[in-house]
Amino acid sequence: MEYSITLHVNGEERIVTVRPADTLLYTLRKLGLTGAKPGCLNGDCGACTVNVDGWPMKSCLMLGVEAIGKKVTTIEGLKNSPIQQAFVENFAFQCGYCTPGFIMNCQALIEQHPDADDQTIREWLESNICRCTSYIEIEKAVKSVLQRKE
Ligand code: FES
Ligand code: FES
């Protein structure tokens, strides 16, 4: 059975048809929002990270119907954001597959912990895995937005 639901995504009301078991990741992709990436699909890699009501959420672990009434932001909603620019300036990616998830997680860190110290940054980023670039550049990108210099 499928249901028509309305989700609040990137500042817009979007109507989408879902089955009860559809993940938020799958639901967003049905809306054409393919920035959140399917990786492990079991909560380990963070490639699917989006923001739900201000907090990073692995969208493979949440159902689409659970997002009803919540504010969802995807990487498409962070166009030209300082953290996205900082990733470019600090060469904080190689293949880029993990990058949308990292950027979403970093943006939440910046909002929730604007005074984050090195330890907080490292622990926060532990929920995302990058298989091909250095975490040092990713940390540098976050710090540059937090206006902290090494
Ligand atoms: S795809 Fe969701 S955590 Fe890996
Ligand atoms: S840049 Fe390739 S997995 Fe992170």
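Colleague: Why does Leu109 count as buried?

Modeller: Its relative accessibility is 0%. Buried means under 20% relative accessible area, exposed means over 50%, and partly exposed lies in between (1.4 Å probe, protein chains only). So Leu109 is buried. Note that this is a predicted model: local features need pLDDT of at least 70, side-chain atom pairs count only at pLDDT 80 or more, and totals for chains, interfaces and linings use all residues. Residues are numbered from 1 along each chain as its sequence is written, chains are lettered from A and ligands numbered from 1 in the order written, and side-chain values use heavy atoms, without hydrogens and water.

Colleague: Which residues does Leu109 touch, not counting those up to four places away in sequence?

Modeller: Pro114, Ala116, Thr120, Ile121, Trp124 and Val142. Contact means heavy atoms within 4.5 Å. Leu109 and Ile121 are 12 residues apart in sequence, and their C-alpha atoms are 7.6 Å apart. Leu109 sits in helix H3. Helices are DSSP runs of H or I with at least four residues, strands are runs of E with at least two, and both are numbered from the N terminus.

Colleague: What makes Ile110 buried?

Modeller: Its relative accessible area is 15%, so the buried label applies. Ile110 is also in helix H3. Its contacts beyond four places in sequence are Ile83, Val142, Val145 and Leu146.

Colleague: Which residues of helix H5 are buried?

Modeller: Ile138, Glu139, Ala141, Val142 and Lys143. Their cover includes helices H2, H3 and H4.

Colleague: What caps the N-terminal end of H5?

Modeller: Ser134 does, with a side-chain oxygen 2.9 Å from the backbone nitrogen of Ile136.

Colleague: Why is the pair Asp118 and Lys143 called a salt bridge?

Modeller: The term needs a side-chain nitrogen of Lys or Arg within 4 Å of a carboxyl oxygen of Asp or Glu. The closest N and O atoms here are 3.4 Å apart, so the pair qualifies. Asp118 is in helix H4 and Lys143 in helix H5, 25 residues apart. Lys143 is buried at 6%, whereas Asp118 is partly exposed at 29%.

Colleague: How many salt bridges does the rule count?

Modeller: Three. One of them joins Arg19 and Asp22 at 2.9 Å. Arg19 is partly exposed at 42%; Asp22 is buried at 3%.

Colleague: What area do domain 1 and domain 2 bury between them?

Modeller: About 1,200 Å², with 58% of it on carbon and sulfur atoms. Buried area is the accessible area (1.4 Å probe) that two parts lose on being put together, summed over both. Strands E3 and E4 each supply at least two residues to the domain 1 side.

Key
A polar contact is a pair of N or O atoms within 3.5 Å; within protein, one must be able to donate a hydrogen and the other to accept it, and residues adjacent in sequence count only if both atoms are side-chain atoms.
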